[in-house]
Amino acid sequence: MRIFIRINTRILHVVTSADPHIRIIPPAFLVDRVQGVVVEGFRSQENKLLSGVLGPLLFLLHINDLTSVVTSQVRLFADDCLLYRPILSDADRVALQRDLDSLEKWCDTWGMRFNAKKCQIMSITRGKSHPTYLYTLCGHVLSSVQEAKYLGITLTDELSWSSHVRLIHNRANSTLGFLRRNLRRCPAKLKETAYISLVRSTLEYAAPVWDPHLARDCDLLEKIQRRSARFVKGDHRTTSSVTQMLHDLGWRDLSDRRRDLRLALLYKVVTGHVAVGPDQIGLVAADNRTRANHRFKFRAIGASSSGLRNSFATRTVSDWNQLPAVVVEQESPATFKNQLDRLAPVACRMP
């Protein structure tokens with residue numbers, strides 16, 4: 001079983017120099033500052049600031065040593081902190097709680113506060129049941145959830161992407177409804193630009209991570225694009241062919257676009273354009289004696305569970321190994337995408 005704990009940091013708390021146990025970095029950045037409001041020439045009474053916001057770089061410097069005070073794995077992004085570790089025994093649960101206590105002490109030392117009410121814990125396990133354990137942070141018992149959103153992606157304790165697909169479907173459908181109401185009389189090209197910018201971008205955000213394998217989830221997303229094609233063409237007649245509209249617009253199936261996005265990400269992993277190496281996602285170079293299309297071929301990944309079988313690395317390796325060398329051995333992500341696009345039918349090139 002693996003435990004994930006998402007922690008939200010609050011704004012930097014300002015303390016005076018009279019507090020010997022808390023330090024502020026950088027010195028005097030927020031200390032002894034006042035704030036007032038001016039309305040129609042009248043100025044309010046100035047009050048001393050109790051909190052404030054650091055710029056992105058200063059904030060990163062401020063929290064840079066957070067990972068050094070815990071033994072669990074930590075992922076930081078802006079003001080989000082994800083803490084996780086495998087739980088195999090009660091000793092692991094005690095160690096995780098000890099890490100939470102260490103984070104609380106770190107906050108006291110550096111003048112930060114965690115918003116404990118927004119912190120959540122999620123247990124990911126293949127078992128039908130698991131022992132409950134109450135974790136606390138800043139005197140608050142963390143709530144246990146079955147799904148949680150992290151960096152715009154909805155994670156579930158079953159590692160299923162259906163919840164995420166349903167949420168982005170609803171969001172994209174709502175945006176499409178807004179466009180249909182407000183751009184009804186606009187030119188088709190403007191409608192298409194609006195769809196690509198506001199609707200399709202929602203359907204493809206971080207798609208290499210959650211690309212669904214269930215037909216019902218894929219169909220749910222494709223329905224948005226089909227409705228969008230009718231919107232762009234201005235043709236809502238039941239006798240009209242949406243397939244022909246998609247062909248005329250040159251729009252590929254979203255499932256094909258997600259496959260290409262997965263391949264583009266794997267290219268970046270292989271060529272070092274992202275801070276994740278092939279070995280970190282379980283990829284092993286294929287034997288050089290095997291017949292290969294290119295020199296970056298990987299061994300197929302064996303998977304005994306549905307989650308692993310449909311994960312990014314396992315699914316993408318099969319498609320990657322079949323690519324011709326002229327695509328894989330490009331010098332940049334941009335040229336790789338251009339060559340990949342050339343493999344698509346002429347009427348379905350990526351706009």
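Visitor: Leaving aside neighbours within four places in sequence, which residues is Arg 230 in contact with?
Guide: This is a predicted model, so to speak of local features pLDDT must be at least 70, side-chain atom pairs count only at pLDDT 80 or more, and totals for chains, interfaces and linings use all residues. Residues are numbered from 1 along each chain as its sequence is written, and side-chain values use heavy atoms, without hydrogens and water. Contact means heavy atoms within 4.5 Å. By that rule, Arg 230 meets Asp 235, His 236, Arg 237, Thr 238, Ser 240, Val 242 and Met 245.

Visitor: Which side chain of opposite charge is nearest to Arg 230?
Guide: Arg 230 is buried and has no salt bridge. Buried means under 20% relative accessible area, exposed over 50%, partly exposed in between (1.4 Å probe, protein chains only). A salt bridge puts a side-chain nitrogen of Lys or Arg within 4 Å of a carboxyl oxygen of Asp or Glu; Lys and Arg count as positive, Asp and Glu as negative, while His and the chain ends are not counted. At 4.5 Å, the nearest opposite charge is Asp 235.

Visitor: Where is Arg 230 placed?
Guide: Helices (H or I, at least four residues) and strands (E, at least two) are DSSP runs, numbered from the N terminus. Arg 230 falls within residues 215-233, which form helix H6.

Visitor: Is Leu 155 buried or partly exposed?
Guide: Leu 155 sits in strand S15, residues 153-156. Its relative accessible area is 25%, so Leu 155 counts as partly exposed.

Visitor: What is the phi of Leu 151?
Guide: Most residues other than glycine have a negative phi. Leu 151 lies in the loop between strand S14 (147-150) and S15. Leu 151 is not a glycine, yet its phi is positive, at about 55°.

Visitor: Is Leu 159 exposed or buried?
Guide: Leu 159 lies in the loop between S15 and helix H3 (162-182). Its phi is also positive, near 55°. Relative accessibility is 55%, so Leu 159 is exposed.

Visitor: Which residues make the nonpolar surface patch of about 300 Å²?
Guide: Patch members have over 30% relative accessible area and no salt bridge; like charges are joined within 9 Å, nonpolar side chains (Val, Leu, Ile, Met, Phe, Trp, Tyr) within 5 Å. Areas come from the Shrake-Rupley method with a 1.4 Å probe; for residues, only the protein chains shown count as cover. The patch is made by Phe 77, Leu 151 and Tyr 205.
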